[in-house]
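Please read them with the structure open.

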Amino acid sequence: MTSLIFPGSFDPLTRGHRDIARRAARICDKLYFAVMNNDHKEYTFTLEERVNMAKTVFADYANVEVIGSNGLLVDIYKNLGCNAVVRGIRSESDFRYEAEMSLANRMLYPEYDVVLLPCRDDLSLVSSSMVKEVGRYGGDISAMIPTEILETVNDRLRKGRN
Ligand code: PNS
């Protein structure tokens, strides 16, 4: 059985993330969608809230399991016996970031590997930080966020403004 893991902050999960997960789920038997913490980021949504949003979005995806962890990615990777990590890339700078992260993880666990999926053209400008900025100013984020979690995301971003 081939299993992949798609880790990320998902603060919040965007249509871009969902597209990568959907495509990754097609090329493996099991996809772990892992909501994690990045030490360099401050979060708008708690880990639990991010996990719950992901569970809502992937409720009907038979081979996608949502997990949450505030530990090290290589530890989950090892424990779940994953074949590779999946990450989406939008740009050259994303590629550099992914290459560095994969080098670091490979130093911790030499069997670690990564599959990079280029994002869809029409989603190449969508990022969680852009969603948050547009949403906080009351802009329309419906083209960037899966419909099932749009209200939750809007509620939090608009409250953050007051
Ligand atoms: O969506 P992001 O913020 O780019 O995802 C980064 C993430 C969460 C995958 C990365 O920070 C991570 O793996 N965090 C878990 C802790 C860890 O293993 N850190 C070492 C990374 S080299």
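1. In this predicted model, strands S1 (residues 3–8) and S2 (residues 30–35) run parallel and are joined by 6 bridges. Within that pairing, Pro-7 stands opposite Ala-34 of S2.

2. Val-35 has Gly-68 of S3 as its bridge partner. A right-handed β-α-β unit is made here by S2, helix H2 (residues 47–57) and S3.

3. How many residues of S2 are buried? The count is 6 of 6, and the strand is described as mostly covered. Lys-30, Tyr-32 and Ala-34 point one way from S2, while Leu-31, Phe-33 and Val-35 point the other way. In a regular strand, side chains alternate between the two faces of the sheet. Both sets of S2 residues are buried, Lys-30 included.

4. Which residues touch the most other members of the largest nonpolar core? They are Leu-31, Phe-33, Phe-58 and Val-153, in a core of 33 residues. At least two residues of this core come from each of S1, H1, S2, H2, S3, strand S4 (84–89) and helix H6 (147–161). Apart from it lies another core of 13 residues, including Ile-5, Tyr-32, Ile-76 and Val-85. In soluble globular proteins, nonpolar side chains tend to be buried together.

5. The contacts of Phe-33, not counting residues up to four places away in sequence, deserve a separate entry. Phe-33 touches Phe-6, Phe-10, Leu-13, Ala-21, Ala-54, Phe-58, Val-64, Glu-65, Val-66 and Ile-67.

6. The ligand is surrounded by 15 residues, and the closest are Ser-9, Asn-38, Lys-41, Leu-73 and Arg-87. The side chain of Asn-38 places an N or O atom 3.0 Å from an oxygen atom of the ligand. For Lys-41, a polar side-chain atom lies 2.7 Å from a ligand oxygen atom. In the case of Arg-87, an N or O atom of the side chain is 2.9 Å from an oxygen atom of the ligand.

7. Tyr-77 is in helix H3 (residues 73–80). Is Tyr-77 buried or exposed? Its relative accessible area is 2%, under the 20% limit, so Tyr-77 counts as buried. Leaving aside neighbours within four places in sequence, Tyr-77 is in contact with Ile-5, Cys-82, Asn-83, Ala-84, Val-85, Tyr-109, Glu-111, Tyr-112 and Asp-113. A polar atom of the Tyr-77 side chain lies 3.0 Å from the backbone nitrogen of Asp-113.

8. Asp-94 belongs to helix H4 (residues 92–108). Its relative accessibility is 11%, also under 20%, and Asp-94 is therefore buried. Setting aside neighbours within four places in sequence, the contacts of Asp-94 are Gly-88 and Ile-89.

Key. Residues numbered from 1 in each chain as written. Predicted model: local features only at pLDDT ≥ 70, side-chain atom pairs only at ≥ 80, totals over all residues. Heavy atoms only, no water. Buried < 20%, exposed > 50% of the residue type's maximum accessible area, 1.4 Å probe, protein only. Helix = DSSP H or I, 4+ residues; strand = E, 2+ residues; numbered from the N terminus. Pairing = 2+ DSSP bridges. Right-handed = clockwise from strand over helix to strand, strands pointing away. Core = buried A, V, L, I, M, F, W, Y, C linked by side-chain atoms within 4.5 Å. Contact = heavy atoms within 4.5 Å. Near = heavy atom within 4 Å. Polar contact = N/O pair within 3.5 Å; in protein donor to acceptor, adjacent residues only side chain to side chain.
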